[in-house]
Amino acid sequence: MSDSFLFPDGFLWGAATSAYQIEGSPLADGAGASIWHRFSHTPGLTENGDTGDTACDHYRRFQSDVQLMANLGLNAYRFSIAWGRILPDGRGCVNAKGLDFYSRLVDELLTRGIVPNVTLYHWDLPAALDNRGGWLNRDIAEWFTDYANVMFSALGDRVQMWTTINEPWVVSDGGYLYGKLAPGHRNLFEAPIASHNLLRAHGQAVEAFRASSASGKGRIGIVVNLAPMYPGSDSTDDMMATVRADAYMNRQYLDPLFFGRYPEEMGEIFGEAWPDWPSDDMKMIAQPIDFLGINYYTREVIRYDADRKPVRAGAIRQEGSIHTETHWEVYPPGLTRILLWVRDRYGDLPLYITENGAAFYDPPVAIDGSVDDLLRVDYLREHLRAVREAIRQGVKVGGYFVWSLLDNFEWSHGYSRRFGIVHVNYETQERTIKSSGRYYAEVLRTNGAALEK
Ligand code: FCB
């Protein structure tokens, strides 16, 4: 096939965001606080003490933001629901005003021909549930399923794509093992329990989805973040560290989802902190899903590092490469590789790139209103070419969602890292399409032909 190979018909060209990162007004209209509200309001936990109190003010500006998506020509939009807007206490009473916000957002998208891709959990657990142990409490599978059912009945007549959980690895690693993310725990014993309950909650929600009328209209899947692991040398120590790193980040989630079992390396990694899981749990986790969402940012080159517990693997910085402002190596071939690997190991189900993007230091908005973020343009071009290469090799990739539509609240980095293809002035809330946004619009308008330029 020639280089003018285009993307398949019906390919979703989207952008992604998440509730806490863009909405602002976290307690408006009766919403209950989330763990991110609590975390960001705890002094010292986020850069500059930044919080999501205002963020991109999307809660009040969603109509013009959808207009912006339409101007870019997007045909899909991935966003998440704030659980605490729907169930302020996490369970029990439903808050009609919260539901109404997402219902209006979905309608607005559909009016403009944009497919909504709804994520049920993108890290903003209701604080009331955290008080009951959050992801450490087995009951959370039930709580999450009840919440999911509320959403299936409210939006199921209109939503075609549902995602249960965003990045269970980051929730466990950042939230329970290293504490960089809410709820900020550092506990070896908690991390596997949180992971396992995230997967159980996913499985139980998928089961509920199949029994609901939403399954008539929509499909359901989960989103994982994956990074291909490359050994830093061919020494046995480095090779084995690479295998462990891959088990920890990638297979810890995909093996249970597709094979109903955890990788053997998990016991070696966590030692006595790794429990024996009931086999009924594993069955629940391995419910068939309709698609897999993959978030790809970088690869890792691994060396053995005895001090880096529990995996005993560290990443080697690749000095010859470009790195983003979050210190991630720019490595587009890793995206092709991970797509081929998923297809070969887990089967031929539809895959979506549900996040891919980069934080770079952007030039300020120029007098002529441009933001010439050339590094991000390059990043997008090369990663979209990498996706196209996987499709050329027969992988079923159904869509691509750039992270992110807007500059936004980047978790513990606050507003200091900008990932948007649209610049946000946090003082005026003015949106300015960056060069990368214009480039992306051109790529999708030409169904990929502009990638040759
Ligand atoms: C992913 C998150 C997303 C954003 C990007 C940069 O891990 O899903 O919310 O923070 O990283």
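Mentor: Start with a term. A polar contact is a pair of N or O atoms within 3.5 Å; within protein, one must be able to donate a hydrogen and the other to accept it, and residues adjacent in sequence count only if both atoms are side-chain atoms. This is a predicted model: local features need pLDDT of at least 70, side-chain atom pairs count only at pLDDT 80 or more, and totals for chains, interfaces and linings use all residues. Residues are numbered from 1 along each chain as its sequence is written, and side-chain values use heavy atoms, without hydrogens and water.

Trainee: What makes the pair Asn-356 and Tyr-379 a polar contact?
Mentor: Their side chains are joined at 3.3 Å. The limit is 3.5 Å, so the pair qualifies.

Trainee: Why is Asn-356 called buried?
Mentor: Its relative accessibility is 0%. Buried means under 20%, exposed over 50%, partly exposed in between (1.4 Å probe, protein chains only), so Asn-356 counts as buried.

Trainee: Which residues does Asn-356 touch?
Mentor: Among them are Tyr-296, His-383 and Trp-403, leaving out residues up to four places away in sequence. Contact means heavy atoms within 4.5 Å.

Trainee: Which residues are around the ligand?
Mentor: They include Gln-21, Glu-167, Trp-403 and Glu-410. The cut-off is one heavy atom within 4 Å.

Trainee: How far is a polar side-chain atom of Glu-167 from an oxygen atom of the ligand?
Mentor: 2.5 Å for Glu-167. For Gln-21, the distance to a ligand oxygen is 2.8 Å. Glu-410 also has a polar side-chain atom 2.8 Å from a ligand oxygen.
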